[in-house]
Amino acid sequence: MEFIVCKYNYWIYIVLMMIGFYAIIGKKNLVKKLVGMNIFQTALILYFVSTAAKKGATIPIVSHGHGATEHAIHAAQYVNPLPHVLMLTAIVVMVSTFGVALALIIMIYRRYKTLEEDEILKATK
Amino acid sequence: MTSSPFPILIVIVPLISAFFIPIIGWWKRNLCYPLVILSLFFCTLFSILTLNAVIQNGTIHYYLGGWHPPWGIEYVVDHLNAFVLAIISFTSFFVAIYSKKSVEQELPDKIVFFYAVYLLLVTGLLGIIATGDMFNLYVFLEIASLAAYALIAIGEDGAPLASFRYVIMGTIGACFYLLGVGYLYIVTGSLNMADLSELLPKLYHSKVVLVAFTFFMVGIALKMALFPLHTWLLDAYTYAPSTVSALIAPTMTKVGAYVMIRVMFTVFKPDFSISLFPITSILGWLAVAAILFGSIMALAQSDLKRMLCFVIVAEIGYIAIGVGIANRMALIGAILHIVNDVFMMACLFLVVGAIVYKTGTRNIYQLRYLHRKLPLTMAIFVIGALSVVGIPPLCGFFSKWYLILGAFEAGKWVFVAVLLVSSLLNAILFFRVIENIYLEPREPSYAHDGGGPEAISIDEAPLSMLIPMFVIGAGIILLGVFSGKIIDVVIQHTIPPTI
């Protein structure tokens, strides 16, 4: 029980990922598939950010000059910034993937006048 | 250990040119093509210089922004990626030369953006190969994939749907890869490949590392279209414009195979990826399925391009089987096959592009007497086809030879049998096409309109298409003739010493 409660963010990431995965596989509508893909990617962001999270830690900045009281110089005192930075890059990638996919959906809709996969497959046969 | 700016130049030159192309194209459309040629020419030149430097002095490092690893991003070029870099940039250079007429015919109003995205794709591919950082590899993987989605989508009728499926599958693959990076990061705190390979051996029995490795393998298998995960490839490569197929089909999947070898034998050491984890036997059996499935399904196709797509599935199987057998001979075969396959597939897809350019059809049964119309193109097709079948002086023979030797050495007789059977299947496959093109039908068909074959005059593809095809065709022969030297100088240094 403690295993589940204390690491709840990781459990949520797995659940989110599986919801996204289900939507990609199970849904026939292309937009729903795309939303599933986005949930899948967002789950990854949650995972990376939770790996960096720390209770009671501060930002990784050493403050100099007047009035500087605290120096977060030990690894336990500050939050690891790298996963956040990685996720900034990954978010950019995900947004552009989403944009390309939406453009493709517009192209598909103009061609077939529908976004249901089974109707498109029927139309192409 | 030397430092040199070439690794970054190889990636930066096409990237910067990709940004200049829309600007220059807005001013003068005709300047796009020379700019692409120029930038890819420098790219090829730099990668050949790099290969030369690596052969002379060993691994080259470049630290981005002067930050030393493991803090900064590092570009590492050793024997393996120097060779793959040279081959990929060489191929994309010649495909770019070839693209002029084909793009003018198929996509007349999209030339500017086509070339911009083309260069971004090349940037992504070369970046994947040159980088020594796990996360940087993910970014380049997505740059290459995004460019590929866009390029595929401008193809013929079914292309947008095929491209959409590729987006979904490709994104799942990339996400799995990223998840693998994340799992490795939480146990080691590093993203640098060389650093990881030193930190990981102590953690080989950790479950997190096992999960990370599994995620890597599934993600990369999706990207390289290994058998059960190949479904996106067939439609995407069939419906793409001919030039795009000729660029993506040889390079994308092979770069995926390169990443697999890099992760298995550089980031993880062979004593993990071969001894501790049954990945090699899984890969081997998947490869067997891929080879048989690809070769047999290819027999059923009447569309020449779709047939070649199934051949790619089988060829990926060859690389995977080499990694799956995992002894010295088989790995030499697998790495040699990555290089050979880039040339063979480029050759065949370029020829298909030329056929489409001249006749407008890809149906095998409508290509009769094509050798009278396009004698040189068809001669190059025969070279490529014979190389895929594995006829001795051509390069395809040597990689298969090493794979079979490796399978013998490991005593895996099923793999030997599959490799031999697939050669026979490939022979049937390509001789069926060659027969349809070259040979007279046994019974003269009177229904044929337009008279006999003598009425067809030579109407060869334009020179800008012929020269790249000729160069790639000559490359197939040269790679075959000098394969012993290539193995001595380059490939034997790429095999991990413990194997």
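Helix 1 of chain B and helix 2 of chain B are roughly antiparallel to each other, a label given to angles over 145 degrees, in what is a predicted model. Helix 1 (residues 6–27) and helix 2 (residues 32–57) of chain B pack at an angle of about 180°, with their axes 9 Å apart; the axes are lines fitted to C-alpha atoms over the stretch in contact, and angles run from 0 to 180 degrees between N-to-C directions. Helices are DSSP runs of H or I of at least four residues, strands are runs of E of at least two, and both are numbered from the N terminus. Among the residues that make this contact are Phe6(B), Leu9(B), Val13(B) and Phe20(B) of helix 1 of chain B, and Leu35(B), Phe42(B), Phe46(B) and Leu49(B) of helix 2 of chain B, where contact requires C-beta atoms, placed from the backbone, to lie within 7 Å. By class, the contact of these two helices has 16 nonpolar, 5 polar and no charged residues, with Ala, Val, Leu, Ile, Met, Phe, Trp, Tyr, Cys and Pro counted as nonpolar, Asp, Glu, Lys and Arg as charged, and the others, Gly among them, as polar.

The largest nonpolar core holds 232 residues, of which Leu121(B), Leu151(B), Ile152(B) and Cys347(B) touch the most other members. Helix 14 (residues 328–359) of chain B gives the most to this core, with 23 residues. Such a core is a set of buried Ala, Val, Leu, Ile, Met, Phe, Trp, Tyr and Cys residues joined through C-beta atoms within 7 Å, and a residue is buried if 20 or more other C-beta atoms lie within 10 Å of its own. Leu121(B) touches Ala144(B), Ala147(B), Ala148(B), Leu151(B) and Leu247(B), leaving aside residues up to four places away in sequence.

Chain A has 5 helices and 0 strands. The radius of gyration of chain A, taken over C-alpha atoms, is 21 Å, well over the 14 Å that the globule rule (2.2 Å times the number of residues to the power 0.38) gives for 125 residues, so chain A is more spread out than a compact globule. Buried residues make up 22% of the 125 residues in chain A.

Between the chains, 25 residues of chain A are in contact with 21 residues of chain B. Helix 4 of chain A gives the most to the side of chain A that touches chain B, with 13 residues, and by class this side has 17 nonpolar, 6 polar and 2 charged residues.

Residues are numbered from 1 along each chain as its sequence is written, and chains are lettered from A and ligands numbered from 1 in the order in which they are written. Local features need pLDDT of at least 70 and side-chain atom pairs count only at pLDDT 80 or more, whereas totals for chains, interfaces and linings use all residues.

Technical notes
Buried ≥ 20, exposed ≤ 12 C-beta atoms within 10 Å, placed from the backbone. Contact = placed C-beta atoms within 7 Å. Parallel < 35°, antiparallel > 145°, perpendicular 65-115°, else oblique.
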